[in-house]
Structure formats: structure tokens, C-alpha cells
Amino acid sequence: MESIYLQFASWVGQGFLPPMFAYEFLINALLASLMIGPLLGLLGTLVVVKRLAFLSEAVGHSVLTGVSIGILLGEPVEAPLISLFSFSMLFALLLQWIKGRTTIHYDALIGVFLSFALAMGAALLLYVAKHINAHLIEQVMFGSILVASVTDLIMLAVICTLVALLCYRYGNFAFLVAVSPEVAHSQGVNTRAHDYAFVTMIALITVASVKIIGAILVGALLLIPAASARLVASDLKQLIILSVFFSTTAAVLGVLVPMYGQWPVSAGPAIILFACGWFLICLVYRQFFSTVLVEA
């Protein structure tokens, strides 16, 4: 990492970049956003195709409980990673397990888990907040570019590599399962294994993104870029490319623009606002394009 920091410092010294790129924490946040953005954009397409918008929200809110449990068990306040990963993975896998053993509609089941995660997380956070710096709670909920460490970057790189390899190897099957589970099953695809792998990847990338985007908003970056892309994409390939582009640009702009403009806005809300900007642009484009086609 030292060579990367020195290279950015050199570009700042030569006047190619603004002075803010001399800060190591900003470089860490920028690299993290360049890994988080494409990954969330890619998985977001599956979330939209499978119509599981609430799943990412439920897993995201489970992070609140995982952080609180970790702090209560004595893990480092800045990075309770063991409980964070363990609880979120358990939460996602339990949700999927119960889904296969009940007749309750999946949306309703996710709603129950979402409510439980939010209530439990809020209750534990309020208790934990009496014993730690309240600013940490704000970081967990809304993210901060100040807390992305080299360890976080390594963890993100490992998760990104793992998810990228899985998507490369099983991506076509995953979309087939998402679009038509019956056809996938008839062709010998293990749809149950794909569903478990999907919720596991959602849990992993959600937990890995919490420090930058925040537990409250990480689900939004899974949903909004893919929903924006769906408004203008004409096929699956365009949907994936546009979703990754929207998610990556929103993540990078959300990190850099508030820092450059010295706005008192956390990274998480800024990233989601830029993602919403893409959604608005796509919505206007679709309305205009549809009008032109009708008139033609």
C-alpha cells in the first residue's frame, strides 16, 4: 500500500490531483469503493430479477445486531468482525432454511426477519451506546471513509475475488434459476444450492460494505443501480453492464465529491444520493424515450 500512497502523493505534488488525495484514508476509501461498487452492481441484478429487494435490507439491518453482540462479547469496538460475519451469515442462511420449510410467502417471511433484525439491532445498540463512543454507532449506521483500513481492503479483495470466481463459474445458472427456477430444475441445476449461495454472497458483500456505506443504507446500493439499469436496459447483458456502471460511479462519487466540496455528509448517504440521481436520470430517459416511440 505504501507504493500506492506514494504514487498518489506524487500525482498531487505534480498538480494532477487535488490535495485531498494526499490523505491515506481517502485512498483506502477510494479503493474500497472501486471494489464495492462493481460487486454490489453485479449482485444487485440478481436481487432485482429475483424480486428480493427486502432481502438485502434485512441482511443489512442484521449487521446492527452483529456489531452489538460483538462489542458485548469483548471484540474490538472498531472491528467486531467475527460476530459481524457470524451473525449475518447465520441470519441469511436461517432465512433461506425457513423459506424451504414453510408455506409463508417469501416477501412476508423477509418482512418478519427484517423487523426482527431492526428491533434487535436497535435495542442492543441503545444498550451498547451507553458504554462506547456514540460516534461509532453513527459510523456503523451510515458509514465513514475515515474507518476503511488496509485490513478492510484485504478482506474486501478476498470477498470480491471469491464472488467474481463464483459469478464467472455459475453466473449463467444463477440467472437461469432467478428467471425460471422450474426450467433450471428440469435441466438438472441444483436450485436449492444456488439459493443458499445467493443469500451467502449477499451476506458477505453486505458485511464487507458496512464500513463505507453503513448498515442502514447498504441494501439500497444493491437495489437502486440495478433498478435504474432495468429502466433502460433492453437485454440481460445491458442490465448487468449498466448496473455495475451506475453502482461503481455512485460509490466513487459518493466518496470523493463530499470530501472535495467539504460537505458535512457521510459517505453512505452521499453514495445512495448519487445512486438515486442515476435512477432519476434513467426514469426521465425512459419516459422521454417511450414518448418519442409512441409519437413515432
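The legends below describe close-up views of helix packing and of a cavity in a predicted model.

Local features in this model need pLDDT of at least 70 and side-chain atom pairs count only at pLDDT 80 or more, whereas totals for chains, interfaces and linings use all residues. Residues are numbered from 1 along each chain as its sequence is written, and side-chain values use heavy atoms, with hydrogens and water left out.

**View 1. Packing of helix α2 (residues 24–49) against helix α7 (residues 150–179).** The two helices pack at an angle of about 20 degrees with their axes 10 Å apart, where axes are lines fitted to C-alpha atoms, for helices over the stretch in contact, and angles run from 0 to 180 degrees between N-to-C directions. That angle makes α2 roughly parallel to α7 (under 35 degrees counts as roughly parallel, over 145 as roughly antiparallel, 65 to 115 as roughly perpendicular and the rest as oblique). Helices here are DSSP runs of H or I with at least four residues, numbered from the N terminus. α2 passes α7 in a left-handed crossing, that is, with the near helix turned anticlockwise from the far one by less than a right angle, clockwise being right-handed. Residues in contact (heavy atoms within 4.5 Å) include Leu 39, Leu 42 and Leu 46 in α2 and Cys 160, Val 163 and Ala 174 in α7. By class, this contact of α2 with α7 has 21 nonpolar, 2 polar and no charged residues, with Ala, Val, Leu, Ile, Met, Phe, Trp, Tyr, Cys and Pro counted as nonpolar, Asp, Glu, Lys and Arg as charged, and the others, Gly among them, as polar.

**View 2. Crossing of α2 with helix α11 (residues 236–261).** The axes of α2 and α11 come within 7 Å and cross at roughly 150 degrees, and the two helices are therefore roughly antiparallel to each other. Their crossing is right-handed, and the residues of the contact divide into 17 nonpolar, 7 polar and no charged.

**View 3. Crossing of helix α3 (residues 53–72) with helix α4 (residues 81–99).** The axes of α3 and α4 come within 8 Å and cross at roughly 140 degrees, which makes α3 oblique to α4. The crossing of α3 and α4 is right-handed. The contact is made by residues including Ser 62, Gly 66 and Gly 70 of α3 and Ser 83, Phe 87 and Phe 91 of α4, and its residues divide into 11 nonpolar, 6 polar and no charged.

**View 4. Lining of the largest cavity.** On a 1 Å grid over the protein atoms alone, a cavity is a set of points where a 1.4 Å probe fits but cannot get out, and lining residues have an atom within 4 Å of a point. The count comes to 1 cavity of 30 Å³ or more, and about 30 Å³ of space lies in the largest cavity, with grid points joined across faces, edges and corners and volume taken as the space filled by probe spheres set on the points. The lining consists of Leu 46, Lys 50, Ala 174, Val 177, His 194, Asp 195 and Phe 198. α7 and α9 (191–213) are the elements that give two or more residues to this lining, and α9 gives the most, with 3 residues. By class, the lining residues divide into 4 nonpolar, 1 polar and 2 charged.

How values were computed: 1 Å grid on protein atoms, 1.4 Å probe; cavity = no way out; pocket = protein on both sides within 12 Å on 5 of 7 lines; lining within 4 Å.
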